[in-house]
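Morning, everyone. Please bring up the model on your screens. I'll take the sheets, then the interface.

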Amino acid sequence: MLRQIEKVGIQYIQPDGTLTPEGEVAWKPIERPLKIEFYKWMRKIRLFDQRSIILQRQGRIGTYAPLQGQEAAQVGSTLSLNREDWIFPSYREHGVAMIAGMPLKQILLYWMGRVEGCRPPEGVKLFPPSVPIATQIPHAAGAAWASKLKGEPSVAVAYFGDGATSEGDFHEGLNFAGVFRLPVIFFCQNNQYAISVPFSRQTATETVAEKAAAYAIRGVRVDGNDVLAVYTVMKEAVKRARTGEGATLIEAVTYRHGAHTTADDAGRYREQEEAREWVELRDPLKRYRRLLEAEGLWSEAEERDWEACCKQEIEEAVCEAESAKAPPASHLFAHVFADLPPSLVRQRESLLRQEEGR
Amino acid sequence: MAQFTLIQAINDAMRLALERDPGVVILGEDVGKNGGVFRATEGLWERFGDDRVIDTPLAEAGIVGTAIGMAVNGLRPIVEIQFLGFAYPGFEQIVSHAARLRTRTQGMFPAAMVIRAPYGGGIRAPELHSDSTEALFVHTPGLKVVVPSTPYDAKGLLLAAISDPDPVLFLEPMKLYRAVREEVPEEAYEVPIGQARVVREGEDVTLLAWGAMVPVAIAAAEEWTQKGVSCEVIDVRSLYPLDEETLVASVKKTGRAVIVHEAPRTAGVGAELAALLQEQAFLWLEAPIARVTGYDVPVPMFALEDAFRPDAYRVSEAVRQVIAF
Ligand SMILES: Cc1ncc(C[n+]2csc(CCOP(=O)(O)OP(=O)(O)O)c2C)c(N)n1
């Protein structure tokens, strides 16, 4: 399994936190606030993730999909987008969602089993998490297509996992993007497992990135635990898309530290040794923090302050989500159609009568 | 005899099938090393190896499509679709091919295979995991559709499905996976496809249900029995083909019927049952047939799941309605 994934692709920050020569070049032009923002987002997202797992254990939210380990891939990619750009995530992109402007409360509501949690604030072009695998990939191609036809500069991004690359929708989406030269980015977080099934069971190719060639779009493999490399590669893909050079398939090689969801036990199918290596030696946060500290951009005190600040924000969101008024049963009918057909009006009435009779 | 839960009974049926017939293979997502996300295939990969219990790429059309090819070339594939809601990417293969190969090849290459899928609500699963779209498949000519509601039936029906010469969709009510244990014979046995099960006999009203709605119907029946109304409960069990005889005979006896399913109402299987009873037992009916169903709305996320799924209260109210008519 490890064999297939030995080469993580473009890497700018090494696991010990030092920059490669190409990394030096990429690092220099980045403004100081953005350098710090990378870290702040990664830390906040991880804290949110850890809190969510506990909330699930306490029965306060439902089954939850953790993302720990994939923060750099999400932060690096999303920070290179604009507000005008469209995002089509899967169920594991809470980090992406937060950066795009989804309030924490909404994300929590979603995992509390409330459909209101799918709805972003006005102006945030973030789709609800795609639960069926790979189905959001053609949507991103379509949104990009519309931008192109309307002559707008916005791009669209689909986020998905390595398992998704086996579905027909992946191939169809990429093919459209190639044929119509669409401003779309296909961002695969190759965390090496689709629940229990290893990457080697999804494809006989060595990489996901190489599949781009079959659709005549650009393919890049990048170290998904290296926020600088991901940011740089994504920035380039966005630029190409905006300037009419077409689509890119980005494969960010990463690893989910924990289980697939809180209903899963990764110990059944992953070697402890392998997981430990990724968690301890290749963690995206540790690596980046070392670099920031070495550059004098971050300190222990700042870490403490930021953690406290995030934790407070998260607790407030938990409070808000938990105190949100429970939806009435009639909410089932709230948005099924723009205008409710008579038969559904009758069904709603019968439900209300039943509720009264109980 | 062993005490099995419904999911253990399913596991046991597959173990027996793999043992008895070297042509039987299981394919699906996470069915191997992980033993299935619900543990339906637990222990089978260890025992029968990677060529018999196969973790496939994440591709339902690919899984169903290759299983069809395997079936026509002499194997007996059992496909696991992780949740019924994820059968849709494979729908094309099920509907356009598995179901009509026998017809299209005039009997030359029938696709004898089983497609297993957990389905239905009640376990607070994430979005889109709780669909009950059995009607889509019942409406597909050439496909058989069965739903066990007890461990005994689960084992016997699955073995019957595996030996059936036609494609069978085997739906597994997730809510009942671990709800009860029951004595299940160790040896292989079959519960014939096409037969309903009379769960309890009664004189005044017939309750028709399947899957996770069977215990709900039983609860409502018990309530009314205590009030002196005797309810017959029938587990329809085989949605296609239907056991017309048993259903019609029961309604002729009681004169009243309440049909319960958790799928949306419009064009659900309940509508077909109501039409059937109307055609064959019209003169015996004392009241219009009542349906207790999910609403015609997307199956909600779990915060509203209880409002969507029929419960004993709603079934009781329908019983009241057909009695009072
Ligand atoms: C069409 C479809 N089939 C099966 C599933 C069940 N399922 C949920 S997540 C998952 C694995 C997805 O793996 P991958 O695409 O690599 O993404 P990751 O979870 O690793 O982020 C499976 C099989 C599903 N959600 N949709």
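First, a definition: two strands pair if DSSP finds at least two bridges between them. Strands (E, at least two residues) and helices (H or I, at least four) are DSSP runs, numbered from the N terminus.

Now the ground rules. This is a predicted model, where local features need pLDDT of at least 70 and side-chain atom pairs count only at pLDDT 80 or more, while totals for chains, interfaces and linings use all residues. Residues are numbered from 1 along each chain as its sequence is written, chains are lettered from A and ligands numbered from 1 in the order in which they are written, and side-chain values use heavy atoms, with hydrogens and water left out.

Start with chain B. Find the open sheet of five strands, in the order β9-β11-β10-β13-β14. Its pairing is mixed. Which strands sit at the edges? They are β9 (197-200) and β14 (290-294) of chain B, each pairing on one side only. The twist averages 25 degrees from one strand to the next; angles run from 0 to 180 degrees between N-to-C directions, with axes fitted to C-alpha atoms, for helices over the stretch in contact.

Look at β9(B). Three bridges join it to β11(B), residues 231-235, and the two run antiparallel. Arg200(B) has Val233(B) in β11(B) as its bridge partner. Helix α12(B), residues 312-324, lies across β10, β13 and β14 of chain B. It runs at about 160 degrees to β14(B).

Over to chain A. Here five strands form an open sheet, β1-β2-β3-β7-β6, with parallel pairing. Its edge strands are β1 (86-88) and β6 (218-223) of chain A. Three bridges link β1(A) to β2(A), residues 156-161. In that pair, Phe88(A) stands opposite Ala158(A). Helix α6(A), residues 136-150, packs on the sheet and touches β1, β2 and β3 of chain A.

Now the interface. How many residues are in contact? 41 of chain A meet 38 of chain B, contact being heavy atoms within 4.5 Å. The buried area is about 3300 Å²; that is the accessible area (1.4 Å probe) lost on putting two parts together, summed over both. In chain A, Arg201(A), Arg268(A) and Leu332(A) lose the most area to chain B.

Three salt bridges cross this interface, each a side-chain nitrogen of Lys or Arg within 4 Å of a carboxyl oxygen of Asp or Glu. Asp311(B) and Arg358(A) meet in a salt bridge, at 2.7 Å, N to O.
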